[in-house]
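I wanted to see how they sit and which sides they hide.

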Amino acid sequence: MSRKGQIAVIFMSVRTGADANGYYAAAAAMEARAAAQPGYCGFESARGGDGFGITVSFWADDDSAKAWRDDPEHRAIREAGRDRWYSRYELCVARVERDYDWVRG
């Protein structure tokens with residue numbers, strides 16, 4: 001599937017290690033909530049043993065990405081993240097100009 005033209009929201013973070021159960025529950029809830037939003041196109045996520053992680057969510061357009069940013073439940077979870085789960089994070093928003101994929105077949 002081509003992602004050309006989609007909006008990529010790139011979230012890079014370092015976890016504190018605090019409240020792992022709360023973090024995983026919140027992450028699962030946000031994944032389900034995001035998937036139900038208009039314009040949601042999927043996500044990819046990875047986290048290393050050092051606590052550094054990257055999650056990229058994909059959106060059909062900028063308005064959809066902004067609507068997710070402004071979602072009240074998502075906003076509340078972001079605040080909890082600042083309070084408990086992250087020592088730092090950075091977020092970048094980009095439009096996908098090209099994409100390539102390969103699958104072993």
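I take the expected span of a helix as 1.5 Å times one less than its number of residues. Helices (H or I, at least four residues) and strands (E, at least two) are DSSP runs, numbered from the N terminus. I'm on a predicted model, where local features need pLDDT of at least 70, side-chain atom pairs count only at pLDDT 80 or more, and totals for chains, interfaces and linings use all residues. Residues are numbered from 1 along each chain as its sequence is written, and side-chain values use heavy atoms, with hydrogens and water left out.

**α3.** I then listed its buried residues (under 20% relative accessible area; exposed is over 50%, partly exposed in between; 1.4 Å probe, protein chains only). They are His 74, Ala 80, Gly 81 and Trp 85. Around the axis they cover an arc of only 115 degrees, so they sit on the same side of α3; I take the arc from the directions from the helix axis to the C-beta atoms. Pro 72 and Asp 83 are exposed on the face turned away from that buried side.

**α1.** I looked at residues 20-35 next: 16 residues, reaching 22 Å from first C-alpha to last, close to the 22 Å expected. Buried here are Tyr 23, Ala 26, Met 30 and Ala 34. Down the axis of α1 they fall within an arc of 70 degrees, so they line one face of the helix. On the other side, I found Asn 21, Tyr 24 and Ala 32 exposed.
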